[in-house]
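Have the structure open as you read.

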Amino acid sequence: MDAFDDPGWDGAEAVGDPLSVLPTLFHRLWCGDLRLDLSVPLGDGSVIGCAVSHG
């Protein structure tokens with residue numbers, strides 16, 4: 001979750017190989033731990049961040 005303190009896709013790359021990390025990222029989105037603007041298509045321009053402060 002710390003990797004997404006600064007919103008963006010860079011968090012996935014910071015944790016490791018994006019192909020290995022993306023399933024967990026999508027799971028965290030589904031569970032509501034991460035947030036993203038769904039009014040725009042999911043892609044490189046999407047901004048992903050923490051839904052709440054996890055201090």
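**The core and its surroundings**

The largest nonpolar core has 6 residues in all: Leu25, Leu29, Leu34, Leu36, Ile48 and Cys50. A nonpolar core here is a set of buried Ala, Val, Leu, Ile, Met, Phe, Trp, Tyr and Cys residues joined through side-chain atoms within 4.5 Å. Two or more residues of this core come from each of α2 (18-31), β1 (34-36) and β2 (48-50); helices (H or I, at least four residues) and strands (E, at least two) are DSSP runs, numbered from the N terminus. In soluble globular proteins, nonpolar side chains tend to be buried together.

Before going on, please note that this is a predicted model, in which local features need pLDDT of at least 70 and side-chain atom pairs count only at pLDDT 80 or more, while totals for chains, interfaces and linings use all residues. Residues are numbered from 1 along each chain as its sequence is written, and side-chain values use heavy atoms, leaving out hydrogens and water.

Now look at Leu36, a member of the core. Beyond its neighbours within four places in sequence, Leu36 is in contact (heavy atoms within 4.5 Å) with Leu29, Leu42, Ser46, Val47 and Ile48.

Cys50, also in the core, counts as buried because its relative accessibility is 14%; buried means under 20% relative accessible area, exposed over 50%, and partly exposed in between (1.4 Å probe, protein chains only). Cys31, at 44%, counts as partly exposed.

Finally, find the 1 salt bridge of the whole structure, a side-chain nitrogen of Lys or Arg within 4 Å of a carboxyl oxygen of Asp or Glu. Arg28 and Asp33 form this bridge, at 2.7 Å from N to O. Arg28 is partly exposed at 32% relative accessibility, and Asp33 is partly exposed at 27%.
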